[in-house]
Amino acid sequence: MTAPARGTEDTGRPSHTGDARDAEDDASLIERSRDEPEAFAELYDRHAPSIHRYVRRRLGDQAADDVVAETFLAAFRRRERYDLARPDALPWLYGIAANLIGKHRRSEVRMLRALARTGTDPVTDSIEGADARVSAAACSRELAGALAGLPASDRDVLLLVAWADLSYQQVAEALSIPLGTVRSRLNRARRKVREALGGSDPTDVQEETE
């Protein structure tokens, strides 16, 4: 299934002015799509831009297009198994995307190592208007080297927090791992990044309280 792009408002949400379905959360939309498969396109409209930005930062434009298409195809096929108690499907979609990114880990590490050597980032150089935090992170040769040296599981957790802005609980849901594992992987990854950057960490975000 290729979910068609629709006209959206500035919010990135489908434009159905006055339609009560605008208020549907993701779980309700997925439930409806089980009987009305075409309704799943609304989930694509809502979340494909965010997923695409994240994957593009990690793999570049061409791979991002493929990964996003595969992510929503896999989500469509798995929609019968979606936990309807979770109103926000974004962590679920990021989890599918993370698994697919795993197929490109060698390419990702090669790009990071090239950046560490040359200071030229083949990913972010092609992205106009990248936000300051991502640019500062991706364009640092030292950080690129540190990210390339992380275990894939630690890099996934770190970048889902720093680049996808997921909470620790959402990362746990996305990757189907305990919250404590998220914290330990994140702490380990940040420690290695700080060591590589002489104590600074541009991927650091506000710590969550218990």
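View 1. At 0% relative accessibility, Asp 154 counts as buried; buried here means under 20% relative accessible area, exposed over 50%, and partly exposed in between, using a 1.4 Å probe and protein chains only. Asp 154 sits in helix H8, where helices (H or I, at least four residues) and strands (E, at least two) are DSSP runs numbered from the N terminus. Leaving out residues up to four places away in sequence, Asp 154 touches Arg 185, Arg 188 and Ala 189, a contact being heavy atoms within 4.5 Å. A word on the model: it is predicted, so local features need pLDDT of at least 70 and side-chain atom pairs count only at pLDDT 80 or more, while totals for chains, interfaces and linings use all residues. Residues are numbered from 1 along each chain as its sequence is written, and side-chain values use heavy atoms, with hydrogens and water left out.

View 2. H10 covers residues 179-196. The buried residues of H10 are Val 182, Arg 183, Arg 185, Leu 186, Ala 189, Arg 190 and Val 193. They pack against helix H7 (141-149), H8 and H9. Just after H10, Gly 198 takes a positive phi of about 65 degrees.

View 3. Asp 165 isn't a glycine, yet its phi is positive, about 60 degrees. You'll find Asp 165 in the loop between helix H8 (152-162) and helix H9 (168-175). Ser 176 also isn't a glycine, and its phi is positive, near 55 degrees. Ser 176 lies in the loop between H9 and H10, and it is exposed, with a relative accessible area of 66%.

**View 4. The largest nonpolar core, around Tyr 54.** This core has 59 residues, and those with the most contacts inside it are Ile 51, Tyr 54, Val 55 and Trp 92. Helix H4 (residues 90-101) gives the largest share, nine residues. By nonpolar core we mean a set of buried Ala, Val, Leu, Ile, Met, Phe, Trp, Tyr and Cys residues joined through side-chain atoms within 4.5 Å. Setting aside neighbours within four places in sequence, Tyr 54 is in contact with Tyr 94, Ile 101, Asp 156, Leu 159, Leu 160, Trp 163 and Ala 164.

View 5. The whole structure has 11 salt bridges, each a side-chain nitrogen of Lys or Arg within 4 Å of a carboxyl oxygen of Asp or Glu. Arg 155 pairs with Glu 108, closest N and O atoms 3.4 Å apart. That pair links distant parts of the chain, Arg 155 in helix H8 and Glu 108 in helix H5 (residues 105-118), 47 residues apart. Both Arg 155 and Glu 108 are buried. Arg 32 bridges to Glu 36 at 3.2 Å between the closest N and O atoms; Arg 32 is buried at 12% relative accessibility, whereas Glu 36 is partly exposed at 26%. Arg 32 and Glu 36 also belong to a salt-bridge network with Glu 24 and Glu 42.
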